[in-house]
Amino acid sequence: MANDELIKKYGLKGSPLSGLVMATFGFFIGFAAVSLYGPVAKNFDDVMNMSGLLLGMLVAAPSLTGSLLRIPFGAWVDKAGGKKPLFTLLTLSVIGMAGLTVILFFFYPDRLTIEMYPVVFFFGLLSGCGIATFSVGIPQTSYWYPQRKQGLALGTYAGLGNTAPGIFGVVLPFVLAGLGLSGAYAAWFLFLLIGTIIYAMFAHDAYYFQLRHNDVEHEEAREVSEKLGQELFPSGKVIESLKISAKIPGTWALVALYFTSFGGFLALTAWFPTYWVEFHNIGIRPAGLLMAFGFSLLASVIRVYGGHLGDKFGGEKTAIGSYSLVLIGALFLIITSNFWLALIGEIIIGAGMGIANAAVFKLVPKYVPKAPGGASGWVGGLGAFGGFAVPPILGTFVDLQGTEGYSNGFIVYVVLALMAITISIILMKTLGSQKEA
């Protein structure tokens with residue numbers, strides 16, 4: 001039976017391309033929460049008078065839920081497909097943005113004091129649920145595409161979706177000037193709400209999950225899906241998927257790598273605006289532009305090409321090269337207070353992180369083919385936890401060293417990059433050779 005006839009017979013919807021488009025769209029609107037506080041951290045700090053540690057925790061708040069929720073929600077894809085988990089995360093994020101908008105309308109600026117910090121932090125946590133959509137979209141896309149095309153597909157998904165923080169980092173300060181802080185967040189809330197509705201209307205799971213939702217038996221659903229080009233299939237229950245992936249050593253190597261590249265990306269997307277404002281005495285709007293074009297958007301766009309590099313040279317070799325760039329960029333940012341040299345350092349570290357992010361997820365289906373959703377949860381969740389863990393450390397450097405701490409804090413990335421390079425080499429020489437054998 002021809003593919004068109006199978007699709008018509010079983011009432012199937014969507015295609016690999018439409019699946020990729022909607023997964024990317026859902027990730028884009030949720031992932032923007034990385035920039036929830038970073039580009040306007042000074043506005044909050046001016047009225048709340050936070051320490052460097054508390055400021056670092058606030059800008060990182062969305063990344064806490066955005067990282068840890070990736071574990072169960074990424075695994076949930078192996079059970080339910082991607083649409084339901086992703087929609088749930090977007091809904092939680094909508095609730096968080098609604099709460100934050102209400103708080104700002106009623107309390108900012110005069111009544112938004114340090115005593116309100118726990119409430120602002122809490123709504124940041126809720127808003128950050130949208131960040132966790134990443135680990136849902138990875139297996140959702142993987143199920144749509146054959147393995148030979150996954151490097152480019154996943155690189156495109158992650159690269160374009162990753163542009164959200166950079167774009168919002170550019171737009172938010174300008175909207176702030178026109179609408180004020182409360183109005184800017186109200187506009188963001190409406191954008192997220194409308195985007196969530198669009199996703200709910202047009203997103204579709206891969207064919208196997210559609211068939212299972214329509215009560216088609218497992219064997220028949222798999223047979224039909226294979227005829228339509230699907231190669232990856234879930235292992236079974238959510239807990240089983242997590243257990244299977246947790247027993248594979250490569251999963252934990254990838255977690256460590258992703259902590260540096262993607263966790264580091266989240267952390268610096270939130271931290272760089274503060275770095276430029278405080279260390280280089282630059283205004284909020286140009287600082288947002290520097291973060292966006294010199295780091296966040298660069299890392300996101302180059303991630304697409306990173307998928308191609310992973311396909312061509314292998315994920316392990318690509319990782320070694322990209323983490324070397326992270327190391328070089330961090331050293332630039334430590335040793336100089338010159339604006340142009342610091343900008344070069346930001347660009348280099350952004351390029352390295354973007355390519356490394358693609359390299360890591362090129363390796364997920366390779367090392368964990370039986371449970372890519374579970375592995376995606378571990379890698380995406382625990383790896384992205386760096387987005388929450390690193391900014392408070394950078395803030396502590398500021399508390400201890402004053403303004404110089406903004407520069408010296410990048411020693412954290414030197415250590416992380418050296419760790420990642422070492423792990424990548426071990427992965428290539430041991431686990432990689434075992435896999436090929």
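The lining of the largest cavity comprises 5 nonpolar, 4 polar and 2 charged residues. Here Ala, Val, Leu, Ile, Met, Phe, Trp, Tyr, Cys and Pro count as nonpolar, Asp, Glu, Lys and Arg as charged, and the others, Gly among them, as polar. The model is predicted, with local features needing pLDDT of at least 70 and side-chain atom pairs pLDDT 80 or more, while totals for chains, interfaces and linings use all residues. Residues are numbered from 1 along each chain as its sequence is written, and side-chain values use heavy atoms, without hydrogens and water.

A cavity is a set of points, on a 1 Å grid over the protein atoms alone, where a 1.4 Å probe fits but cannot get out; lining residues have an atom within 4 Å of a point. Points are joined across faces, edges and corners, and a volume is the space filled by probe spheres set on them. The count is 2 cavities of 30 Å³ or more.

The largest cavity has a volume of about 60 Å³. Its lining includes Ile138, Arg303, Phe361 and Lys362. Two or more lining residues come from each of α9 (150-161), α15 (284-313) and α17 (339-367). Helices are DSSP runs (H or I, at least four residues), numbered from the N terminus. The largest share, 5 residues, belongs to α9.

The second largest cavity has a volume of about 40 Å³. Among its lining residues are Ile29, Met97, Ser127, Trp188 and Leu192. Here α2 (16-31), α6 (83-107) and α10 (163-202) each give two or more residues. This lining has 6 nonpolar, 3 polar and no charged residues.

Conventions: 1 Å grid on protein atoms, 1.4 Å probe; cavity = no way out; pocket = protein on both sides within 12 Å on 5 of 7 lines; lining within 4 Å.
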